[in-house]
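Please look over the sequence and the structure shown here before reading the short report that follows.

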Amino acid sequence: MKNLETEILIIGGGPAGSTTALYLSKLGFDITLVEKKPFPRETLCGEFLSKEVIDILKDVKAFDEFISQKPNKLNSFRAIDASGKELKSDLKFDAYAMKRSVFDSILLEKAKSVNVHVAQPAEVISTIKTGSEFDSIIEDSSGQIINIKSKLVIAAYGKQNILDKKLKRGFVNEKSYLNGVKFHLPVYLLESSFSEEIRIYTGDELYCGMNQVSDTDMTVCFLENRKHSKIPSRERLIEVIKSNSHFQSVFSNEAIEYIKTVNIYGTGNIYFGYRKVIENGIIMVGDAARVISPLAGDGIGMAMESSKLLYEVIKPYNLDTIHRDKIYLNYKKQYENVFNKRLSTAKIIQGIILNRKSRKLGFGIAKRYPSIIPYLIKFTRSTKTT
Ligand SMILES: Cc1cc2nc3c(=O)[nH]c(=O)nc-3n(C[C@H](O)[C@H](O)[C@H](O)COP(=O)(O)OP(=O)(O)OC[C@H]3O[C@@H](n4cnc5c(N)ncnc54)[C@H](O)[C@@H]3O)c2cc1C
């Protein structure tokens, strides 16, 4: 076994992990980030990037690298119900779309460029606090075991993780039945193109978001309650498309054939409820801290904002035990202040959209009073958005 020491260990190299590393490196800490997958890698996501993301990319000086990868600019949104009822709105803020394989690589490369030590592919298999320090066990791709001692551990490992069970987090046995699936579709297979629009198709217990993410590809991302459906995701996707004539009209027959073999990325049992942001002394950021409903909030933006919030909290302190206690207390308090209202509004909107009766009512109200749409958008995002 190899033994290493670092001041801060970050678990996960998604948007939350890389952004945390970028911010904390400004404070001069020795940081090690461990990412279990080789990059570039795809992951479940609608791949919509909000204004919060753009602001933070500028703040960590990664915006030029982002633009050089040609993200697709979006300027409007349209929601279409199974009955064909439509809601439309301009976005009124800068938004883009880009494949996660590209986006996450930009941030992780940027973290490497500011001297963050990155171990990849390597997995953190356990982490425990003994006295005032943490002992974490890491396994790299060759099977080598490394023991890393650190003063702080930041978990940026996403919404579901084996470490949640090891930490006995309160929500691990909760069942949500919400299942997400994403795939990329070449735009030439679509019957109509809408390159600057985010489109959302809603149905009973499901919705599907579509954004164009590059000159050639469209992201198609479903979220569905699978409590009563045992059909495999791929067959269910095709069934859903065929069951809604408005939705089906977007796809050519070749597109349906393509979906039968395309790579799909999915996760089941996505839990949107309460989680503690500090567990056994480990600080949670991004989805590990809390998952926002993707229909009404922007998870990547919130993940990166939680990284920035943690940086602001840590900035006046060092990592001595007495200071760390203040960091724990302040992060918990400020996380609740900044995100709680946004999280609960997003959860309510998701509940309305998934339910047939309340969705019908919601569409009716929003159609009659369209000014409510930007107001709701404001509540599910940072207050700086509108
Ligand atoms: C259906 C759906 C659609 C969505 N659509 C959007 C959208 O359009 N726009 C948006 O802004 N957000 C969207 N989101 C939310 C967004 O995907 C997440 O909020 C975001 O990925 C969170 O980033 P993260 O860094 O916290 O976690 P992740 O992106 O999950 O990254 C975690 C990283 O940690 C690594 N890891 C895990 N365990 C370990 C370990 N033990 N050791 C080392 N590494 C580890 C993983 O390999 C991964 O790279 C959507 C979510 C869902 C469910």
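Is the crossing of helix 1 and helix 9 left-handed or right-handed? The crossing of helix 1 and helix 9 is right-handed, where right-handed means that the near helix is turned clockwise from the far one by less than a right angle, and left-handed that it is turned anticlockwise. This is a predicted model, in which local features need pLDDT of at least 70 and side-chain atom pairs count only at pLDDT 80 or more, while totals for chains, interfaces and linings use all residues. Residues are numbered from 1 along each chain as its sequence is written.

The axes of helix 1 (residues 15-25) and helix 9 (residues 299-314), which are lines fitted to C-alpha atoms over the stretch in contact with angles from 0 to 180 degrees between N-to-C directions, come within 8 Å and cross at roughly 30 degrees. Helix 1 is therefore roughly parallel to helix 9, a term for angles under 35 degrees. Helices are DSSP runs of H or I with at least four residues, and strands are runs of E with at least two, numbered from the N terminus.

Helix 9 also gives the most to the shell around the ligand, with four residues. Among the 37 residues around the ligand, Gly 14, Gly 46, Gly 158, Gly 286 and Gly 299 come nearest, and a residue counts as near if its C-beta atom, placed from the backbone, lies within 6 Å.

The table divides this shell by class; Ala, Val, Leu, Ile, Met, Phe, Trp, Tyr, Cys and Pro count as nonpolar, Asp, Glu, Lys and Arg as charged, and the others, Gly among them, as polar.

| Class | Shell around the ligand |
|---|---|
| nonpolar | 18 residues |
| polar | 12 residues |

Conventions: Angles under 35 degrees count as roughly parallel, over 145 as roughly antiparallel, 65 to 115 as roughly perpendicular and the rest as oblique.
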